[in-house]
Amino acid sequence: MIQTKKLNFKYNDQAAFSFPDINLGKNENLLIIGSSGIGKTTLLHLLAGLLQSDSGSINLYGQDISKLTQYELDRFRGQNIGIVFQKPHFVNSLTVKENLQLAQYLGNKVSQGRIHDILSSLNILDKKNKNPKKLSQGEKQRACIAMAIVNSPKLILADEPTSSLDDENCDRVIKLLKKQASEFNAQLVVITHDNRLKKHFKKSIKL
Amino acid sequence: MNIFKLSIKNIISKPLSSILSLALLIFGIGIISLLLQLNSLIKTQMDNNLKGIDMVVGAKGSPLQLILSAVYHIDSPTGNISFEDAKKIKNNRMVGSSIDLLYGDNYKGYRIVGTEEKFLELYNAKIKKGRKWNNPLEVVVGSKIHTKLNISIDDELISSHGLRETGEQHSDQLFKVVGLLEPSNSVIDQLIVTSPESIWDLHDDHDHDEEHEHDHDEEHEHDHDDKEITAMLIKFKSPMNIIQFPRQINENTNLQAAVPSYEISRLFKLFGFGIETLTYLAYLIIIVSGFSLFINLFNSMRERKYEMALIRTLGSSRRQLSMMIIFESLILTTVGFFIGLLVSRLGVMFVSSLMEESLNYNLNAFGILNEELWLLVLSIFIGLISSIIPALQVYNLNISETLADE
C-alpha cells in the first residue's frame with residue numbers, strides 16, 4: 001500500500017539524499033531508523049507530501065503523490081495522513097477540542113462523536129476545553145496524537161516521537177501510538193534515531 | 001470550526017495587541033467622523049434657525065455679528081436702530097413680514113428678547129403650560145431654560161442689565177413668568193421672550209425716573225420719537241428681492257442689512273479651512289495606521305510560522321491560510337471602524353456639553369452619515385492593503401523548512 005521507488009532529494013550539492021525503496025503492505029507498521037543528518041526528516045516530509053522529490057515516485061494507497069498539484073496534495077494529506085511531530089504543536093488560540101475541530105474542518109471529516117471517542121481513548125477528555133499550552137508534557141503528546149488520528153488517516157507518520165523521553169515514557173508512547181493506529185485502522189511509520197524502538201517493530205529500514 | 005472562526009479566535013486570544021495595532025486607525029476614524037458629525041450637526045442647527053428669515057436689519061457694523069446676534073443669539077448686537085427707520089423698511093412693498101427684536105436684559109445669562117408674537121410662530125414654538133404674554137413684564141420661557149433652572153408659572157425673575165450675568169440687577173422690576181414653551185429644537189429653546197414694551201419700559205424707567213407720572217398714551221406718543229429696537233427679521237414677498245433690497249438699505253440708509261444664508265456660508269468657508277486641514281491630518285493618521293497594522297500582522301505571522309505550517313499539514317490549502325490572514329486584518333479594521341465611530345460619538349457629547357456651557361447650544365444626533373459609510377469602505381480597504389504582503393508570505397510559506405527549523 002505504500003511504495004517508494006528511487007527517491008532522490010537534493011537541497012544543494014552538499015546535502016543530497018537518495019533513499020532506499022519502501023514497500024509496505026496493508027496493516028504493516030514500519031520503523032525507519034538512522035542517525036542525525038542522514039535525511040530522516042526529509043524522507044518524512046517527502047512521504048507526507050510536504051516536499052516534492054527531485055526524482056523517483058511515492059505511491060500511497062494507489063495514488064502517485066508526486067503527480068498531484070499543490071492543492072490536491074494538501075487535500076490528500078488532510079484526509080489520509082496524520083503527522084505526529086517531534087515537539088507537540090497546536091494552534092495556540094484554540095482549545096484542544098477546537099484544534100481537533102479545525103483538523104476535521106481542514107480534512108473535511110467533521111464529526112463530534114469522533115473527537116469525543118479519541119479524547120477518551122487517549123484519556124484526556126477532561127482537558128478538551130483547555131488551551132494546549134496549559135497541558136502537561138504527557139498530555140500534550142497525547143493531544144498531538146489525537147490531532148494526527150482525528151481524521152481517521154490511513155497513514156500515521158511519527159517524527160522522533162520518543163527521542164526526548166526516558167525509557168519508561170518511551171515505551172508508553174510507542175505502545176500508545178501502535179494501539180491507536182490499530183484501533184483506528186491506520187498504518188504507523190515511525191522515523192527515529194532511537195534504537196530503543198527496534199524491539200517494537202517487525203519491519204524496519206536503516207538509512 | 002472554519003477559517004473565519006479561526007481568524008476571530010486568533011484576534012480574541014491577543015486582545016491587547018489587537019487593540020494596539022488598531023489604536024491609530026481608531027484615532028483617525030474617530031477624528032474624521034467627529035468632524036463630519038459636528039459639521040453636519042452645526043449646519044443643521046444653523047439651518048434650522050434660519051428658516052423663514054431672508055434678511056436681518058440692524059445697526060451698522062459687522063454683518064456676521066448682526067446675524068450671530070439676531071438669528072443665533074450668540075454674539076453681542078451691533079447696536080440699536082430707531083423705531084422710525086425700521087418702520088420705513090417694514091412698509092416697503094418688497095417686505096412680506098417682519099419681526100422686531102429688542103435686547104436689553106438677561107436672566108442668569110439667558111437672553112430676554114422683546115419681540116412680537118410672530119416670533120413664536122417663526123420657530124414653531126408651542127406653549128406647553130400657561131399663556132402668551134399680554135402685558136409688559138410678562139415673559140414666556142424657552143424649554144431649555146425652564147427645565148434647567150426649574151422655572152414654573154408665576155415665578156418672578158430678576159433680570160440683569162446687558163447680556164451677561166454680571167450686569168447690574170433690575171431688582172425693582174420683576175419679570176413674571178406666564179408661559180413655558182415646548183422644546184422646538186431651535187434658538188428659542190434658550191430664550192426668554194416678552195413684549196417689546198417690557199424692555200422699553202424697563203429701560204425707560206431706568207433712564208427717566210421722573211417720567212413715572214406720564215400716562216400711557218403720552219408714553220406711547222413719546223415712543224415714536226426715540227424708541228429703539230435692536231434688530232428686525234425680515235421675510236421677502238419674493239425671493240428675488242434678496243439681491244437688490246439689502247444693497248439698497250446698506251447704501252441709502254444708516255441701517256445695515258445682512259442676508260443670513262450668505263453670511264453663514266461665509267462663516268463655514270472660514271472655519272472650513274481648519275476643518276479641512278484637520279481632516280487631511282486624520283487621513284494621514286489612517287494611512288500610518290495601515291502601516292502599523294501591516295507591521296503587526298507581519299510580526300504575528302512570523303511568530304506563528306510554525307502554527308501556519310501545522311495548519312497546512314492538517315490539510316489547509318495555501319489559499320485558505322492566506323484567507324485567514326486577510327480575514328484577521330479585515331475583522332480588525334472593521335472593529336476599529338466601529339470603535340472609532342463610538343469614540344467620535346463620545347467626542348460629540350463632550351463638545352456638545354462644552355457648547356452648552358459657553359453658548360447655550362447643544363447638539364445631539366446619533367445617526368450614521370453617508371460620509372461615515374465611506375470611512376467604513378476606507379477601513380476595509382486599509383485592512384486589505386495591509387494584509388496583502390503577510391498573506392502572500394503565508395501563501396509561499398515553505399512548510400518543510402519551517403517544520404524542520406523547529
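In the predicted model, B:Tyr123 has a relative accessibility of 4% and therefore counts as buried, the limit for this class being under 20%. B:Phe119, at 0% relative accessibility, is likewise counted as buried. The ring centres of B:Phe119 and B:Tyr123 lie 5.2 Å apart, and their planes meet at 80 degrees, so the pair is classed as edge-to-face; the assignment follows because plane angles over 60 degrees fall in that category.

Over all chains, ten aromatic pairs are found in the structure. A:Phe9 and A:Tyr11 provide one of them, with a centre-to-centre distance of 4.8 Å and an angle of 75 degrees between the planes, an edge-to-face arrangement. The two partners belong to separate accessibility classes: A:Phe9 is buried, its relative accessible area being 8%, whereas A:Tyr11 is partly exposed, with a value of 44%.

In chain A, the ring of A:Tyr61 has the charged end of A:Lys154 over it, at 5.6 Å from the ring centre. In chain B, the charged end of B:Arg111 is placed over the ring of B:Tyr103, and the distance to the ring centre is 5.6 Å.

With regard to secondary structure, chain A contains an open sheet of five strands, arranged in the order S7-S8-S9-S4-S10 with parallel pairing. The edge positions are taken by strand S7 (81-84) and strand S10 (204-206) of chain A; each has a single partner strand, so one side of each lacks a neighbour in the sheet. On average, and with direction ignored, neighbouring strands of this sheet are turned by 15 degrees against each other.

Within chain A, strand S8 (residues 155-159) and strand S9 (residues 187-192) run parallel and are joined by five bridges. In this pairing, A:Leu157 is located opposite A:Val189 of S9(A).

Notes. Residues are numbered from 1 along each chain as its sequence is written. Chains are lettered from A and ligands numbered from 1 in the order in which they are written. This is a predicted model: local features need pLDDT of at least 70, side-chain atom pairs count only at pLDDT 80 or more; totals for chains, interfaces and linings use all residues. Side-chain values use heavy atoms; hydrogens and water are left out. Two strands pair if DSSP finds at least two bridges between them. Helices (H or I, at least four residues) and strands (E, at least two) are DSSP runs, numbered from the N terminus. Axes are lines fitted to C-alpha atoms, for helices over the stretch in contact, and angles run from 0 to 180 degrees between N-to-C directions. Rings of Phe, Tyr and Trp (its six-membered ring) pair if their centres lie within 6.5 Å; planes under 30 degrees apart count as stacked, over 60 as edge-to-face and the rest as tilted. Buried means under 20% relative accessible area, exposed over 50%, partly exposed in between (1.4 Å probe, protein chains only). A charge sits over a ring if NZ of Lys or CZ of Arg is within 6 Å of the ring centre and within 35 degrees of the ring normal.
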